[in-house]
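Trainee: Could you walk me through reading a fold like this one, feature by feature?

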Amino acid sequence: MKLFIISDIHGSLYYLKKVIEIFGKENYDKLVILGDELYHGPRNPLPKDYSPKEVIEILNKYKDKIIAVRGNCDSEVDQMVLSYPIMSDYSMIYLGNKRVFLTHGHIYNIDNPLPMSEGDILLYGHFHIPMIEKKDERYFFNPGSISLPKNNSNHSFAILDETKFQIKDLDENILMEINF
């Protein structure tokens with residue numbers, strides 16, 4: 001299985017179109033969205049081409065490919081317009097023999113992980129900073145933000161398969177990578 005991972009769209013039509021174009025180039029099994037799909041939040045500036053209604057239209061076209069979790073800027077009203085579930089604080093999938101936890105990061109993250117075992121992976125967004133870290137034989141990955149990167153990081157997304165995790169910028173240059 002090959003996962004295409006994004007986080008923190010925050011209603012940016014411009015950046016969503018860019019990653020959807022990249023997503024369409026390969027045969028990914030799932031599009032994982034780690035929260036904050038539509039709203040920019042009170043602490044963030046408006047992202048480029050802020051257009052939640054058009055973001056909704058695009059995302060709903062991919063409803064059968066999307067696995068999503070709730071971000072701190074997502075609400076029940078967002079769920080009313082999206083055709084895939086977003087209201088779970090976390091989800092879990094298996095990738096080969098690895099257990100992969102998906103969450104936004106405002107509740108569970110490297111400093112407050114879910115109950116993980118050796119070799120498990122925690123994928124989360126929220127901080128808008130790409131990160132790869134191995135701690136106590138557990139993996140913690142953050143793809144960064146496609147629309148509002150912080151700390152001088154790039155607009156980024158990630159790819160995860162059974163053998164590696166990569167963070168790429170929107171020109172598809174590898175920024176970080178780890179092999180299992």
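Trainee: In what order do the elements of the protein chain run from the N terminus on?

Mentor: Helices (H or I, at least four residues) and strands (E, at least two) are DSSP runs, numbered from the N terminus. Here the order is β-α-β-α-β-α-β-β-β-β-β-β-β-β, which comes to three helices and eleven strands. The radius of gyration, taken over C-alpha atoms, is compared with a globule rule of 2.2 Å times the number of residues to the power 0.38. This chain has 15 Å, close to the 16 Å that the rule gives for 180 residues, so it is as compact as a globular protein of that length.

Mentor: Keep in mind that this is a predicted model, where local features need pLDDT of at least 70 and side-chain atom pairs count only at pLDDT 80 or more, while totals for chains, interfaces and linings use all residues. Residues are numbered from 1 along each chain as its sequence is written, and side-chain values use heavy atoms, leaving out hydrogens and water.

Trainee: What percentage of the residues of the protein chain count as buried?

Mentor: Buried means under 20% relative accessible area (1.4 Å probe, protein chains only). Of the 180 residues, 53% qualify.

Trainee: Which residues of helix α2 are buried, and what covers them?

Mentor: In α2 (residues 52-61), they are Val55, Ile56, Ile58, Leu59 and Asn60. Their cover includes α1 (13-25), β2 (30-33), β3 (66-68) and α3 (76-81).

Trainee: And how do I read the contacts in the protein chain?

Mentor: Contact means heavy atoms within 4.5 Å. Among contacts between residues at least 6 apart in sequence, 53% join residues at least 24 apart.

Definitions and conventions: Buried means under 20% relative accessible area, exposed over 50%, partly exposed in between (1.4 Å probe, protein chains only).
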